[in-house]
Structure formats: structure tokens, C-alpha cells
Amino acid sequence: MKFLAVCGFGVGSSMVLKMSIEKACKERGIDCEVENTDISSAKGTDAAAIFTSHELGEELKDSVNCPVFPIKRYMDKEEVGQAVDQFQENGGK
Amino acid sequence: MLIDVLPKEHMQQVEHIETWEAAIEFASKPLLEAGYIENVYVKNMIASVNQNGPYIVLMDYFALPHAKAGEGVNQLAMSLLKVNQPVDLKGNPVNIFIVLAAIDADSHMQSLREISRILADEDNYQRFISGDLEQIYQVLQS
């Protein structure tokens with residue numbers, strides 16, 4: 001299963017978000033691969049779910065087929081954990 | 001080591017700064033003076049917040065301004081600005097700005113990993129947000 005962590009450039013914030021998602025998944029025993037990328041590359045990448053900011057999420061959600069979870073604080077492991085929980089509760093949809 | 005990329009000479013503290021744009025400009029000064037970044041990188045960081053939103057606020061009171069890797073960046077580096085009175089960044093109060101100047105997609109990963117690890121600890125986070133430069137420096141070495 002692949003998750004995407006997305007920010008404007010795919011280098012700084014999304015890398016931090018990727019670390020937060022990896023940590024949350026590890027704590028929950030979820031086997032996944034997390035890739036960080038910029039918003040334009042994200043539009044053409046297949047993933048089980050995308051995690052990004054509210055603003056970029058609005059821009060992304062019409063051009064991707066997977067669920068998009070808006071995250072306010074990329075380094076907040078509780079907020080990121082709740083989004084991962086929601087992904088699981090929705091049956092991975 | 002994080003401190004190699006973000007040495008004490010790159011850290012500044014001020015009481016008050018009017019806007020988040022001015023804070024990013026001020027925080028960038030040590031990197032501009034050392035020739036690690038160009039003015040265009042500072043402009044790009046500010047433009048990114050206006051274009052993409054305030055997601056650089058990674059935790060409450062802590063922001064990581066950055067822009068496209070390698071564009072106006074000559075060397076991987078970071079600088080830090082502590083503002084005693086929180087600065088409003090599009091609805092988010094911020095006390096600490098760490099400018100990230102990345103040269104490529106991943107050479108800064110270790111430094112970001114260290115920051116993430118350090119700030120995941122609540123005591124570290126509190127000292128990081130509320131401390132003076134000496135305390136912040138110590139936290140970042142922990």
C-alpha cells in the first residue's frame with residue numbers, strides 16, 4: 001500500500017509529513033510505503049491515499065481517484081494518526 | 001548532525017517583528033550573508049506561502065519556511081529566528097522560524113529527521129518554543 005505526502009515543492013514539509021505518516025503507520029502495524037512529492041507530480045501518481053494541506057487538498061481532490069486527507073500540522077503525530085485511523089475506518093477508501 | 005547545518009551563527013532572536021514576510025526575510029539574513037542562498041530564494045519562500053497556504057507551520061508556534069530545492073540555493077543550510085512575541089502567519093501564531101535551504105530532494109533528510117525526533121518529545125518542544133537561543137541550541141543538540 002502506498003501513501004503520498006504532498007506539499008508545494010515535495011522537499012521540505014512533505015518530507016516531514018512522510019516521517020509523521022510512517023511513524024503513525026508503524027505504531028498501528030500498518031505495512032505501507034510513503035512517498036513525498038510535489039502537487040503536480042501527485043496528480044499523476046497512483047496511491048491508496050494522499051495526505052496534504054487543506055489548500056492543496058482542495059486543488060488535488062478533483063484530479064485523483066484516491067481519498068485525500070487534509071492535515072493542518074504536518075509534524076503533529078496525533079493529527080496525522082487520526083487521519084490514518086480514519087483511512088482505516090473507511091475500509092481503506 | 002543537525003548542528004552542522006544549523007550552527008549557532010545562523011540563529012537570531014528578536015523581541016518583535018511586524019509580519020511573517022519580514023520574519024522570513026530576517027531569518028534568512030545569515031544564509032544570505034554567507035552566500036548559501038540568493039535573494040530569489042527568499043522571495044520564493046514568501047510566494048509559496050501566498051500560493052500554497054500556511055502548511056509550513058509544522059507544529060503550533062513553529063514554521064519551516066522553504067521553497068524549491070536548488071533554485072537560489074548554493075549550499076544546504078538552515079537558519080533559525082526566535083521571535084519572542086508570536087508573529088501571525090495567516091492565522092497561525094509563530095515564535096520559531098527555521099529557514100530550510102535545500103539543494104536537492106533528499107540531502108536534508110537527516111536534519112529534518114533529527115528535528116522531528118527532538119520535537120516529538122513534549123519537554124523538548126516546550127523548551128524549543130519558549131527558550132532563549134542557548135536553550136534552543138541545547139535542545140537541538142539533544
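1. Strands β1 (residues 2–7) and β3 (residues 49–52) of chain A run parallel and are joined by three bridges. Here, strands are DSSP runs of E with at least two residues, helices are runs of H or I with at least four, and both are numbered from the N terminus. This is a predicted model, in which local features need pLDDT of at least 70, side-chain atom pairs count only at pLDDT 80 or more, and totals for chains, interfaces and linings use all residues. Residues are numbered from 1 along each chain as its sequence is written, with chains lettered from A and ligands numbered from 1 in the order in which they are written.

2. A:Phe3 is a handy residue to look at: its bridge partner in β3(A) is A:Ala49, and in β2(A) it stands opposite A:Val34. Six bridges join β1(A) to β2(A), again in parallel.

3. Zooming out, the open sheet of chain A has four strands in the order β2-β1-β3-β4, with parallel pairing (strands pair if DSSP finds at least two bridges between them). β2 (33–38) and β4 (68–70) of chain A each have a single partner strand, so one side of each is left without a neighbour in the sheet.

4. Now to helix α4 (residues 77–89) of chain A: which of its residues are buried? They include A:Val80, A:Val84 and A:Phe87, where buried requires 20 or more other C-beta atoms, placed from the backbone, within 10 Å of the residue's own, and exposed means 12 or fewer. The face of α4(A) turned away from the buried side carries the exposed residues A:Glu78, A:Asp85, A:Gln86 and A:Glu89.

5. After α4(A) comes A:Gly91, with a positive phi near 70°.
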